[in-house]
Amino acid sequence: MLNWSDTIDDVDWDELSALYRAAPLGDKPPALLRQVFGQSMYRALVRHGGRLVGAGRVLADGGDCACLCDIAVLPSHQGTGLGGQIVDSLVELARGHRTIILYAVPGKKPFYRKHGFMRMSTAMAIFQNQAQQLERGYLHAD
């Protein structure tokens, strides 16, 4: 049975950091996760047997723009529909914002299309490490 929560009061930040590494979504240090989850308007934390198996958050301003971020599921629970449930839950929480956006891991756009997202032709980004993100396929220098 899955246990869903939106509170960060009892989060083990080291466990959440390990979830992102395992997913794999890169290295997100515990202190950074504490900061960004604390400043997010909406959160989804999913446990199975007390173990954190999925997470996601929405950075939002309450009316104009909401951005789904950091959606991750442990490999043991990938392919079970949990990722889609997290996305749908966060989209529902953000409903009412004029725009709901996200950026996806390269190759995962079809997954997000199933949940109502469409590709933007106007999105641009500045990453902390531009060269790495070009290499990973998140950016295109056109």
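Helices (H or I, at least four residues) and strands (E, at least two) are taken as DSSP runs and numbered from the N terminus. The model is predicted, and for this reason local features are reported at pLDDT of at least 70 and side-chain atom pairs at pLDDT 80 or more, while totals for chains, interfaces and linings use all residues. Residues are numbered from 1 along each chain as its sequence is written, and side-chain values use heavy atoms, with hydrogens and water left out.

Pro24 is located in the loop that joins α1 and α2. The peptide bond from Ala23 to Pro24 is cis, with omega near -10 degrees.

A nonpolar core is defined as a set of buried Ala, Val, Leu, Ile, Met, Phe, Trp, Tyr and Cys residues joined through side-chain atoms within 4.5 Å; buried denotes under 20% relative accessible area, exposed over 50%, and partly exposed the range in between (1.4 Å probe, protein chains only). The largest such core comprises 31 residues, and Leu16, Phe37, Leu68 and Ile86 have the most contacts inside it. Two or more residues each are given to this core by α1 (13-22), α2 (30-38), β2 (42-48), β3 (51-60), β4 (65-73) and α3 (82-94). The largest share, six residues, comes from α3.

In α3, the buried residues are Leu82, Gly83, Gly84, Ile86, Val87, Leu90, Val91 and Ala94. Their cover includes β1 (2-5), β2, β3, β4, β5 (99-101) and α4 (109-113). With contact defined as heavy atoms within 4.5 Å, and neighbours within four places in sequence left aside, Ile86 touches Trp4, Ala44, Val46, Gly54, Ala55, Gly56, Ile71, Ala72 and Val73. The expected span of a helix is 1.5 Å times one less than its number of residues. For the 13 residues of α3 this gives 18 Å, in agreement with the 18 Å between its end C-alpha atoms. Gly96, which follows α3, has a positive phi near 105 degrees.

Strand β4 contains Asp70. Asp70 is not a glycine, yet its phi is positive, at about 55 degrees. The residue is buried, with a relative accessible area of 14%.

With a disulfide defined as a pair of cysteine sulfur atoms within 2.5 Å, the count is zero. For Cys65, the nearest cysteine sulfur is that of Cys67, 6.7 Å away; Cys65 is partly exposed, at 29% relative accessible area. For Cys69, the nearest cysteine sulfur is likewise that of Cys67, at 3.8 Å, and Cys69 is buried at 13% relative accessibility.
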